[in-house]
Amino acid sequence: MSEITIRDDRAGGLLEAYAGDEVAGRIAYFVLESPGRALVPVHTTVEPAHEGKGIAGSLARELYAISGREGVPVAPLCPYVVKWAERHPDEAPVADPALLSAAKEWLAAHPGRF
């Protein structure tokens, strides 16, 4: 894999992987505030030219690293992040069902957001 830089655009709700100046992939997410604070990844994409290079996994790993640094859990709704977390239980603690439920409700109440 070539050198990848990951940047968190919290205001834009994007965790983006860059290969040089080009966006190679991203996780779209939001920050849930209630019933507790959580990072909620909704969708992961990798640009076709960068598929198969481990970028999606690097993004998921960084999302969980951010959550660890901030002391905020991840409540994954993105199917890729859910699968990644299942394969990496040492890095990805299981989400509280109440947070997952609240995240799904938030997403349903904001249909145009993602």
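Biologist: Is T44 buried or exposed?
Modeller: T44 counts as buried because its relative accessibility is 15%; buried means under 20% relative accessible area, exposed over 50%, partly exposed in between, with a 1.4 Å probe and protein chains only. This is a predicted model, where local features need pLDDT of at least 70, side-chain atom pairs count only at pLDDT 80 or more, and totals for chains, interfaces and linings use all residues. Residues are numbered from 1 along each chain as its sequence is written, and side-chain values use heavy atoms, leaving out hydrogens and water.

Biologist: Which strand is T44 in?
Modeller: T44 lies in β4; strands (E, at least two residues) and helices (H or I, at least four) are DSSP runs numbered from the N terminus.

Biologist: What does T44 touch?
Modeller: Leaving aside residues up to four places away in sequence, T44 touches R26, I27, A56, C78, Y80 and V81. Contact means heavy atoms within 4.5 Å.

Biologist: Switching to α1, which residues are buried there?
Modeller: Among them are I55, A56, L59 and Y64. The cover over the buried residues of α1 includes β1, β2, β3, β4 and α2.

Biologist: And which residues touch the most other members of the largest nonpolar core?
Modeller: L15, I27, L39, I55, L59 and Y64 do, out of 21 residues. Such a core is a set of buried Ala, Val, Leu, Ile, Met, Phe, Trp, Tyr and Cys residues joined through side-chain atoms within 4.5 Å.

Biologist: Which element gives the largest share of this core?
Modeller: That is α1, with six residues.

Biologist: What comes just after α1?
Modeller: G71, which takes a positive phi of about 70°.
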